[in-house]
Amino acid sequence: MSHFDSGPTLVMGARGSIGTFVLNALREQGLSVRASARKPQPGQFPTDIEVFAADLGDPASLHSAFASMRQVFLYAHHGSPHGVIAAARAAGVDKIVLMSSGSVIHPTSAGNTITEEHRAIENAFAAASGLTVVPVRPLVLATNALNWAWPIKAGNTVALYKPDALTAPIHESDVAAVAVAALTENTSPQVSGLLTGPVRLSQRDQVAAIAAATGKDITVTELSRHEASAQFSRFMPADEAEAVLQFLDDADAGNSPATDTVTQVTGRPATGFDIWAADHAADF
Ligand SMILES: NC(=O)c1ccc[n+]([C@@H]2O[C@H](COP(=O)([O-])OP(=O)(O)OC[C@H]3O[C@@H](n4cnc5c(N)ncnc54)[C@H](OP(=O)(O)O)[C@@H]3O)[C@@H](O)[C@H]2O)c1
């Protein structure tokens, strides 16, 4: 696939799991890139690129990072995008590739708190005149399974809500490949289509794939909704915990699809969960 250089690109959140792949892919194509994190530390980034401290929640911190950039990859961040939009305009940025969520275009996710937060951010960016904004919309990230790393390490048991709910988790490298297409190709509407992994599989089968990749014998137990709510609420605000439960209820009702958007955008199949598990075996 041929690529053209659409100008210098800032990758914000360049240490994030998707952002890391975006940065590396742009560098591998020999394109002009710059990286940012809220608190970059020495040794975190390649030495041959510029690195900036930049926080989407602090528009004043964006000016240096945005200066002379034509494009910015950034994560949908809870808070007002207006300062970000103003900083992008002031710097002459042409395009923002916005790491958003497929739930925004997935009908049965409407009303969910996490969905509506992403929708509000997308809408604010979409209303910004003079900027091309391209949302990237994965529905379920395979990296959610990293939440099971601690119980697997601790005792080879995972307690799941709706263990037989089917989803098609997407590898972070595939999300990044679509974001890179949005940054380097003449964009088709497909880059903002619903992004998923290649096939649906249950949470139980995801655990089995992790067991196969790690050689561990992992047991699954089932949580009631009440138990799962209590467990999730230890790690996130109550409304987000409820939103995660709603995503799982929706998946359990058969509503979480597999799409071929990754193939349409990249020309190759999406990566299977077995490969994801092998890539992350050391995390478990
Ligand atoms: N979980 C799912 O199934 C799912 C589904 C659909 C969409 N999503 C979206 O995907 C995202 C997760 O992507 P990921 O796995 O790549 O996340 P990740 O590894 O947690 O990385 C998130 C990145 O966001 C950056 N960030 C956070 N707050 C910021 C701020 N105020 N200013 C600038 N940068 C900031 C962080 O940069 P620093 O280095 O500065 O910390 C970090 O690099 C979710 O937040 C959600 O929006 C998730």
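Is F73 buried or exposed? With a relative accessibility of 0%, F73 counts as buried, because buried means under 20%. Keep in mind that you're looking at a predicted model.

F73 also has a ring partner. The centres of the F73 and Y75 rings sit 5.6 Å apart with the planes at 75°, so this pair is edge-to-face. Y75 itself comes out as partly exposed, because its relative accessibility is 26%.

How many aromatic pairs does the structure hold? There are three. Another one of them joins W276 and F284, again an edge-to-face pair, with 6.1 Å from centre to centre and 70° between the planes. Both of those residues, W276 and F284, are buried.

Now for the ligand. Y75 turns up here too: it's listed among the closest residues, along with S17, R38, H118 and N144. In total, 21 residues surround the ligand. Sorted by class, that shell has nine nonpolar residues, nine polar ones and three charged ones.

| Residue | Part of the residue | Ligand atom | Distance |
|---|---|---|---|
| H118 | side-chain N or O atom | oxygen | 2.6 Å |
| N144 | polar side-chain atom | nitrogen | 2.8 Å |
| I18 | polar backbone atom | oxygen | 2.9 Å |

How much of the ligand does the protein cover? On its own, the ligand has 940 Å² of accessible area, and the protein covers 73% of that.

Terms used. Residues are numbered from 1 along each chain as its sequence is written. This is a predicted model: local features need pLDDT of at least 70, side-chain atom pairs count only at pLDDT 80 or more; totals for chains, interfaces and linings use all residues. Side-chain values use heavy atoms; hydrogens and water are left out. A residue is near a molecule or strand if one of its heavy atoms lies within 4 Å of it. A polar contact is a pair of N or O atoms within 3.5 Å; within protein, one must be able to donate a hydrogen and the other to accept it, and residues adjacent in sequence count only if both atoms are side-chain atoms. Accessible areas come from the Shrake-Rupley method with a 1.4 Å probe; for residues, only the protein chains shown count as cover. Ala, Val, Leu, Ile, Met, Phe, Trp, Tyr, Cys and Pro count as nonpolar, Asp, Glu, Lys and Arg as charged, and the others, Gly among them, as polar. Rings of Phe, Tyr and Trp (its six-membered ring) pair if their centres lie within 6.5 Å; planes under 30 degrees apart count as stacked, over 60 as edge-to-face and the rest as tilted. Buried means under 20% relative accessible area, exposed over 50%, partly exposed in between (1.4 Å probe, protein chains only).
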